[in-house]
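Morning, everyone. Please look at the model on the screen, and then we will go through a few of its features.

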Amino acid sequence: MTGKLALRNMRRSMSDYAVYFVTLIIGISVFYVFNAISDQKVVLSIYKSDYSIIDLLRSIISVASVIVSVVLAFLVVYASNFLIRRRKKEFGIYMLLGMGKKRIAGILMMETVIIGVISLVVGLGLGIILSQGMSILVAKLFEADMSKFSFEVSMGAAMKTLLYFLVVYAFVLLLDVFMVGKSRLIQLLNAERRSEKPMVKNPYVCLIVFILAVAVLGHAYYRVTVAADSIDTEAALLFEIVKGIVSTFLIFWSLSGFLIFVAKLRKRSYYKGINVFTTREISSRINTNVLAGSIICLLLFLTICIFSSSFSINNALNENAKTLMPADVQCYNFIKINDDVEGVKNKEPVSEYLKGKQVDLTMFSESVEVLLYWYQEDNTMVYQEVGGGNVFTTGEVMKESDYNKVAAIYNLEPVSLEKDEYVIVANYDYLEQEWRNRMTAGQKIHLAGRDYHPASADCVNGFLQMSSNPSNSGFTVVPDEAFSDEKLKPHSWYYIANYNKNYAKGVEYVEQFLNNEKFKKSLGSHTYVETRQDILSKSISLSSLIVFLGLYLGIIFLLASSAMLSLKELTQAADNRDKYMILRKIGIDEKMINRSLFRQNAIFFGMPLGLAVIHSIFGIQVCTYILEVFGKAGLTQAIVMTAVGLLVVYMIYFIITYRCSRRIIHN
């Protein structure tokens with residue numbers, strides 16, 4: 001009998017369970033997908049050069065999974081409370097007919113178990129399918145080897161998902177039984193009459209608070225963007241973050257009264273149709289969900305920033321792989337100038353040093369070798385303003401002819417200097433601007449009895465050492481004649497080459513030989529050999545960790561905020577059902593009621609998202625300071641991808657919520 005009642009109740013209340021089911025199924029599938037990542041062959045192919053990254057990935061995903069499980073547990077409990085609240089009158093009727101609390105608790109437990117089993121089966125099935133799609137996404141994002149792709153099921157991830165959600169369901173079961181056990185018959189029968197009583201706020205007070213909150217928020221935006229240089233401590237940054245959070249809360253607190261104040265200014269529109277009712281309902285919804293609205297807004301803000309930043313970092317690193325790693329191998333060593341400066345004692349070219357280590361240089365088809373110098377006057381290169389005065393220093397200097405050799409093999413633009421000119425070669429955005437400012441002021445340098453002035457007010461976009469991100473803070477290129485200055489001392493040799501594709505032992509042998517740890521150790525602590533593939537592998541490892549973690553947390557935050565909005569709106573619809581009955585009795589037709597409900601849902605969903613988008617406009621600008629380390633290529637594409645993904649999930653929840661709300665007020 002208990003089983004039949006549970007099944008009948010579920011069939012009858014299927015629309016009420018829609019948000020619950022969707023949230024559980026998506027949560028379970030996402031949980032499985034990300035815990036199965038480290039077992040996929042496509043992902044393993046990314047880390048083939050460093051399997052320690054796999055252990056790090058598993059550790060990061062495990063920590064993130066604890067956070068995710070807590071968020072999902074909160075959502076499940078929140079949704080379960082909504083369903084119990086909707087059915088309190090039903091439980092009261094059961095008790096009135098003589099059914100004991102234990103029997104009611106048994107029905108509720110049976111329903112929860114059925115929902116749990118169905119959600120787990122469907123969620124795991126969907127997760128297994130989506131994990132194959134994740135393999136394809138990984139291959140696209142990180143140019144992984146698709147020949148490694150095969151349909152896989154991670155039993156470890158499946159068991160972990162099962163264990164986590166069994167714990168969550170057990171907690172929900174105990175909570176449901178407790179709630180039924182403490183309820184009294186009169187409370188259950190009158191549950192539908194009990195609703196949140198919104199406090200009426202003075203619209204003028206709300207207007208003042210709203211204006212002050214917007215002003216404080218605007219000042220916080222200004223401080224973290226235009227005046228970001230003035231924030232020099234963690235405490236100062238934390239203070240601006242707190243200002244943003246408090247302002248968000250105050251905006252939602254004052255929004256209900258502010259909306260009514262603004263609506264009343266347009267009397268013709270305000271008193272048209274049932275707009276008075278609609279405005280009051282929207283105000284009531286915001287008024288009774290101030291804290292929830294603020295939390296949802298901040299979760300959406302985090303979602304947008306996390307998604308945009310992680311995708312941007314991935315796009316930038318992939319782009320950097322094409323532009324910042326143009327050669328197959330680079331070798332360099334640092335020369336010991338004096339006892340205070342570490343380096344190798346000999347000053348022979350790095351190619352000769354490699355020969356001494358039994359390296360066959362015929363494995364390279366084309367190569368260049370250049371020498372970087374150091375201006376040794378207190379270990380600094382002195383730059384002077386037009387009017388004199390030392391204002392900026394650097395020590396690294398290169399001949400014009402040597403840089404043009406590097407430019408040729410890297411496919412960069414060569415430089416052409418007059419006898420009294422110099423240029424700065426850099427690609428690190430933040431310091432590039434510093435150089436531009438100083439060269440615009442006409443800073444000059446003095447070498448070999450001659451003054452040199454900047455060839456232009458801009459830096460040459462280039463580099464000497466290959467890397468996964470634009471990190472060249474700047475070195476000086478001067479005409480070859482300037483190197484008669486005795487203060488210019490050899491600093492380091494660079495040997496840059498491409499593989500000889502006709503090498504007898506093959507390119508793969510060369511790659512393995514150069515990346516062999518035993519060979520690298522034999523070179524000593526001041527000589528380095530790096531291959532393009534090795535730099536790329538490390539870059540992809542970092543990129544994938546960021547993207548996986550960003551996607552995982554971003555999806556869960558988006559799921560949490562959307563589900564909370566949906567359940568809040570459904571609760572309001574259930575509480576206000578009597579109001580819609582009165583509207584029908586006074587002759588309001590269904591079209592007007594449905595239009596009013598749609599507007600209420602749209603504004604209730606739109607306000608947290610709208611403020612989150614405004615937050616994100618400035619938040620992403622803050623993120624760009626971090627993204628400068630990786631480069632900002634692909635940020636626009638990342639923002640577009642984030643916007644599309646967010647809107648798709650958001651619209652799914654909005655449509656489900658509107659349809660379920662309409663059913664609630666019509667029944």
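**A nonpolar patch, then a helix pair**

Start at the surface. Leu237, Leu238, Ile241, Val242, Ile245, Val246, Phe249, Leu250, Leu291 and Ile295 form a nonpolar patch there, with about 810 Å² of accessible area together. Patch residues have over 30% relative accessible area and no salt bridge; like charges are joined within 9 Å, nonpolar side chains (Val, Leu, Ile, Met, Phe, Trp, Tyr) within 5 Å. The areas come from the Shrake-Rupley method with a 1.4 Å probe, and for residues only the protein chains shown count as cover.

A quick note on the source. This is a predicted model, where local features need pLDDT of at least 70 and side-chain atom pairs count only at pLDDT 80 or more, while totals for chains, interfaces and linings use all residues. Residues are numbered from 1 along each chain as its sequence is written, and side-chain values use heavy atoms, leaving out hydrogens and water.

Which helix gives the largest share of the patch? That is α10, with eight residues. Helices here are DSSP runs (H or I, at least four residues; strands are E, at least two), numbered from the N terminus.

Now the pair. Helix α12 (residues 275–287) packs with helix α20 (residues 577–585) at about 180°, axes 13 Å apart. So α12 is roughly antiparallel to α20 (under 35 degrees is roughly parallel, over 145 roughly antiparallel, 65 to 115 roughly perpendicular, the rest oblique).

Last, Lys579 forms a salt bridge with Glu281, with the closest N and O atoms 2.9 Å apart. The rule: a side-chain nitrogen of Lys or Arg within 4 Å of a carboxyl oxygen of Asp or Glu.

Key. Axes are lines fitted to C-alpha atoms, for helices over the stretch in contact, and angles run from 0 to 180 degrees between N-to-C directions.
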